[in-house]
Amino acid sequence: NVADSSIKVAVSAADVPLANEYIEDGAIVPASGGIIERSSIVASPGERIVLTSSLSGVTARVSGKEIL
C-alpha cells in the first residue's frame, strides 16, 4: 500500500456486523508495514472475527484455541 490503512474489527455471528459489535474502530496500519495485534478476544460458538479495511491489499491472520 502507498497510504496508511484504517481497520475495524468485530466479533459477530453475521458476515456484516452491527455497529455495537465492533471492538476496534479506526486502528491504523502504517503504509510502511505494520502489525496490529490484539489478544484475549473471546468468540462464542457461531461467532466469527470480522475485519474490514479502508484499503484493499490488507491481510489479516486470526489464531486461537478452543477452550472446553
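**View 1. Contacts of Ser-12 in the predicted model.** Beyond its neighbours within four places in sequence, Ser-12 is in contact (heavy atoms within 4.5 Å) with Pro-17, Glu-21, Gly-46, Glu-47 and Arg-48. This is a predicted model: local features need pLDDT of at least 70, side-chain atom pairs count only at pLDDT 80 or more, and totals for chains, interfaces and linings use all residues. Residues are numbered from 1 along each chain as its sequence is written, and side-chain values use heavy atoms, without hydrogens and water.

**View 2. Ser-12 in strand β1.** Strand β1 covers residues 5–12 and includes Ser-12; strands are DSSP runs of E, at least two residues, numbered from the N terminus. Ser-12 has a relative accessible area of 1%, so it counts as buried (under 20%; exposed is over 50%, partly exposed in between; 1.4 Å probe, protein chains only). Its side chain reaches the backbone nitrogen of Ala-14 at 2.9 Å.

**View 3. Ile-49 and a nonpolar surface patch.** Ile-49 lies in strand β3, residues 48–53. Its relative accessible area is 32%, which makes Ile-49 partly exposed. Ile-49 forms a nonpolar surface patch with Ile-23, Ile-41 and Val-62. Together the four have about 330 Å² of accessible area (Shrake-Rupley method, 1.4 Å probe; for residues, only the protein chains shown count as cover).

How values were computed:
Helix = DSSP H or I, 4+ residues; strand = E, 2+ residues; numbered from the N terminus. Polar contact = N/O pair within 3.5 Å; in protein donor to acceptor, adjacent residues only side chain to side chain. Patch = residues over 30% accessible without salt bridge, like charges linked within 9 Å, V, L, I, M, F, W, Y side chains within 5 Å. Salt bridge = Lys/Arg side-chain N within 4 Å of Asp/Glu carboxyl O.
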